Amino acid sequence: MNCTKCKMKAAIKLPRHHAAFCKSCFTHFTHDQVVKAVKSQQMFRKEDRILVAVSGGKDSLALWDILLKLGYRSDALYVNLGIAGYSHRSLDKVRSYADKTAAGYGATLHIHTVEQEEGAGIRELSMLVHRPTCSTCGTIKRYQFNRAAIEKQYDVMATGHNLDDEAARLLGNVLHWQEEYLEKQGPTLPASLDGFAKKVKPLYRLTERELAAYAILHGIDYIVDECPMAQGARTLLYKEVLNRLETESPGTKQNFYWGFLEKQKVKPSVRSTMAERDQACLHPCSTCGQPTTADVCSYCKLMAKAKTHSMS
Amino acid sequence: MHIQLSHPPRTVDIKGPKRAKDLLRELNLVVEAHLVIRGDELVTEDEMLYDQDHIEIRPVISGG
Ligand SMILES: [Zn+2]
Ligand SMILES: [Zn+2]
């Protein structure tokens, strides 16, 4: 099979685009998809400072790589949750990318260790507060990234969510008619008020398969295993189902998610009321000062619970 | 040919020559969720794989 563009030997076939690309044309394609995402969803401008949330997985490292190569000013933050074995290996991958490649662009890697701050790893925390680990992990990561972005004065926070992540999440929300979450799902979440960083997902036009291929073709060493805590997560099932549909009928994932975004665009009132509602009910957490709808934010509640349990 | 797989990590031996997509089908793996790597190069599904090749089938789904 040859490259659709230059007729050299192809490295990857992209049925949803009726194309196959060699390494160089594929690189061009992926960069182009990110540029399109950034422009069409008004994510950031050339002068903005971006903080990329990196995990050691293919998506976040590919995102950092693409943003740097496109000439964006992007640093990264790794939140070390202290998951035995896994965190150590994933941090190694992030460090190695930062030293080998990112440093050459003048980019910085920030590392934040939760254990140092709160005195417990994620498994302990989760056992103490009796919550499924993935949601504990999500709460901690969201909190830490937002706080770091605000404190270090970044204009925008970027995560490595890809088309598969967004389509799987949309499927889950639709299956359970979680309309409130449907409103909040989009590639750009504006900074709704002081204390909340703007959040963007520049990879929403690329599939997991394309991002894994990008990492492989560019020699980015990433952590292939899923997080040991995430196994059995509902999202993985949705992804598998979508991949079977995609294999039978290429383009399903993008039609599903991009179609949703088109519909959302027609009803912009929903998103502006969302921002207004956020403005109206958010105020600083009485413990840490981060914005929350309750008196104490969910992160502080989690940590408070963990501490009471560890003392008893 | 020697094939390296993940989740769980294991190796299997399968007789070649064989096209990458037929190999995936034989192992009951969905194309959209996997990439085929020969040596250190990524190959398309129509690529013919031979007994002496070292093959890795890498899952692309990640969680968390
Ligand atoms: Zn080409
Ligand atoms: Zn708080």
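This is a predicted model: local features need pLDDT of at least 70, side-chain atom pairs count only at pLDDT 80 or more; totals for chains, interfaces and linings use all residues.

Mentor: Let's begin with helix H5 (residues 122-129) of chain A, whose buried residues are A:Ile122, A:Leu125, A:Ser126 and A:Val129. Buried means under 20% relative accessible area, exposed over 50%, and partly exposed in between (1.4 Å probe, protein chains only). Those four residues lie on the same side of H5(A), because they cover an arc of only 95° around the axis; the arc is taken from the directions from the helix axis to the C-beta atoms.

Residues are numbered from 1 along each chain as its sequence is written, chains are lettered from A and ligands numbered from 1 in the order written, and side-chain values use heavy atoms, without hydrogens or water. Helices (H or I, at least four residues) and strands (E, at least two) are DSSP runs, numbered from the N terminus.

Now let's turn to strand E4 (residues 73-80) of chain A. In E4(A), 7 of the 8 residues are buried, so this strand is largely enclosed by the rest of the structure. E4(A) pairs in the parallel sense with strand E3 (residues 49-54) of chain A over 6 bridges; two strands pair if DSSP finds at least two bridges between them. A:Ala53 has A:Leu77, in E4(A), as its bridge partner. To get from E3(A) to E4(A), the chain passes through helix H2 (residues 58-69) of chain A in a right-handed β-α-β crossover. Right-handed means that, with the strands pointing away from the viewer, the path from the first strand over the helix to the second runs clockwise.

E4(A) also pairs in the parallel sense with strand E5 (residues 109-113) of chain A, over 5 bridges. In E5(A), A:Thr113 is the bridge partner of A:Asn80. Here the β-α-β crossover from E4(A) to E5(A) goes through helix H3 (residues 86-100) of chain A and is right-handed.

Next, look for charged pairs. There are 23 salt bridges over all chains, each a side-chain nitrogen of Lys or Arg within 4 Å of a carboxyl oxygen of Asp or Glu. A:Lys58 and A:Asp59 form one, at 3.1 Å from N to O. A:Asp59 counts as buried, at 9% relative accessibility, and A:Lys58 is buried too, at 3%.

A salt bridge also joins A:Lys93 and A:Asp221, with the closest N and O atoms 3.2 Å apart. This pair links distant parts of the chain, 128 residues apart: A:Lys93 sits in helix H3 of chain A, and A:Asp221 in the loop between helix H9 (208-217) and H10 of chain A. A:Asp221 is partly exposed, at 41% relative accessibility. Helix H10 (residues 234-248) of chain A holds A:Val241, which is partly exposed at 39%.

Finally, follow the contact into chain B. A:Arg209 forms a salt bridge with B:Glu45, with 2.9 Å between the closest N and O atoms. The pair crosses from helix H9 of chain A to the loop between strand E5 (41-43) and strand E6 (48-49) of chain B. A:Arg209 and B:Glu45 are both buried. One network, made by salt bridges that share partners, joins A:Lys9, B:Arg38, B:Glu41, B:Glu47 and B:Asp53.
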